[in-house]
Amino acid sequence: MRSFRPCLISAPAIALVACPAPSVAQQYPTQAIRVVTSEATGGNDLISRLVAQGIAGPLGQSVTVDNRPAGVAPGEIVSKAPPDGHTILIYNNTLWVGPLMQPASYDAVKDFAPITEVARTPNVLVVASSSPVQSVGELIALARSRPGELKYGVSGIGAGGHLAGELFGSMAGIRIVPVPFKGARAALDALFANEMQLMFPTAISTGPHVKAGRMRALAVTSAQPSALMPDVAPLASFGLPGYESITIFAAFAPAATPRPVVARLHEEILHFLNGPGSREKIFGFGMEAVGSSAEELGAMVKAEIARMSKVIREAGIRVQ
């Protein structure tokens, strides 16, 4: 606990001068901190719990995870929370791409104070091992020869694998058809049964199937090679410069949160990310730790909104 230097004032001045109050940063936090995220499964919940555990001790308060339905609900809750740093959001791209596909009561740029990008993970363009397609070039050629016939399974409308496929189709000039399933497992089963011709699963779910010989990884969706799939080249390197479609997990506070409080949260989250074993643990869960500046995160969100709004609009994606 931080101590404060006593304020000494001569007796005659006591009635006229008050001791200055401790700064906002020195007082914060004064109560438990709530981390709002989506359901208690998947990457959002996992990274939120890791961060909550990592910052609780240094902040001297309990940090709890508040799981809410996926979609725009977590962002709506935090955008309306008191801007005092005791309610924060750790969420993925859905925060800023969600409002492009369904109504939301918040503005992803104006209603949040970026803290830091916490982690990221790519998707992987795959085909079943029984597919005759051996490369990205062969897949594009096949799709051009059979417009609208190639299908790819997605775990939900607007999910990361769906948007990765729409961006791929748009940049490659091909028409491939997304087919929604109730979860990634069902979509993978359809791929293995040759009901789907390609898919964009997460890196962590891809690795075991590639090693078991059940699927073939053609490319990762990150702009640069990923340590999660070190032997697989980025899709951008196959004649699609600028292609990138990754899942980003980031921390935000309500927009009017005092800057010193945001800075303290940024400091403690980065301290956790750079602490002993943190990056290795996050990597083991299929994500790569990042730790950006607040300004870098804010600029990334704006750029992603501009980039993905065109793809979503052209594809006509709407979440019911």
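Is Arg185 buried, partly exposed or exposed, and what is its relative accessibility? At 42% relative accessibility, Arg185 counts as partly exposed; here buried means under 20% relative accessible area, exposed over 50%, and partly exposed in between, with a 1.4 Å probe and protein chains only. The points below place this residue in its setting.

1. Basis of the note. The structure is a predicted model, in which local features need pLDDT of at least 70, side-chain atom pairs count only at pLDDT 80 or more, and totals for chains, interfaces and linings use all residues. Residues are numbered from 1 along each chain as its sequence is written, and side-chain values use heavy atoms, with hydrogens and water left out.

2. Overall form. The protein chain has eleven helices and eleven strands; helices (H or I, at least four residues) and strands (E, at least two) are DSSP runs, numbered from the N terminus. Taken along the principal axes, the C-alpha atoms of the protein chain fill a box of roughly 90 × 40 × 30 Å. Of the 320 residues of the protein chain, 47% count as buried.

3. Arg185 forms a salt bridge with Asp189, and the closest N and O atoms are 2.7 Å apart. The term denotes a side-chain nitrogen of Lys or Arg within 4 Å of a carboxyl oxygen of Asp or Glu. Because Arg185 and Asp189 are four residues apart in helix H7 (residues 184-192), they are separated by about one helical turn. An α-helix has 3.6 residues a turn, so residues three or four places apart point the same way. Asp189 is partly exposed, with a relative accessible area of 38%.

4. Other salt bridges. The count for the model comes to ten salt bridges. In one of them, Arg34 pairs with Asp66, with 2.9 Å between the closest N and O atoms. This pair links distant parts of the chain, with Arg34 in strand S1 (residues 33-37) and Asp66 in strand S2 (residues 63-67), 32 residues apart. Arg34 is partly exposed at a relative accessible area of 25%, whereas Asp66 counts as buried at 16% relative accessibility. Arg146 and Glu149 also meet through their side chains in a salt bridge (3.1 Å, N to O). Arg146 is partly exposed at 31% relative accessibility, and Glu149 is partly exposed at 46%.

5. The largest pocket. Its volume is about 1,200 Å³. On a 1 Å grid over the protein atoms alone, a pocket is an open set of points where a 1.4 Å probe fits, with protein on both sides within 12 Å along at least five of seven lines, and lining residues have an atom within 4 Å of a point. Grid points are joined across faces, edges and corners, and a volume is the space filled by probe spheres set on the points. The largest pocket is lined by 50 residues, of which Asn92, Ser155, Ala159, Gly160 and Thr247 lie nearest its centre. Elements that give two or more residues to this lining include helix H4 (94-97), strand S6 (151-154), H7 and strand S10 (246-254). H2 gives the most, with four residues. The lining divides into 20 nonpolar, 25 polar and five charged residues, where Ala, Val, Leu, Ile, Met, Phe, Trp, Tyr, Cys and Pro count as nonpolar, Asp, Glu, Lys and Arg as charged, and the others, Gly among them, as polar.

6. Helix H11. H11 has 22 residues and reaches 31 Å from its first C-alpha to its last, close to the 32 Å expected at 1.5 Å a residue; the expected span is 1.5 Å times one less than the number of residues. H11 bends by about 25 degrees at Met308, the bend at a residue being the angle between axes fitted to the seven residues ending there and the seven starting there. The buried residues of H11 include Leu297, Glu304 and Met308.

7. Helix H9. The 15 residues of helix H9 (residues 259-273) should span 21 Å, and its end C-alpha atoms are 21 Å apart, which agrees. Among the buried residues of H9 are Arg264, Glu268 and Phe272.

8. Backbone and loops. A cis peptide bond joins Tyr28 and Pro29, with omega about -10 degrees; Pro29 is placed in the loop between helix H1 (24-27) and S1. Asn194 has a positive phi of about 65 degrees although it is not a glycine. Asn194 lies in the loop between H7 and strand S8 (198-199) and is partly exposed at 44% relative accessibility.
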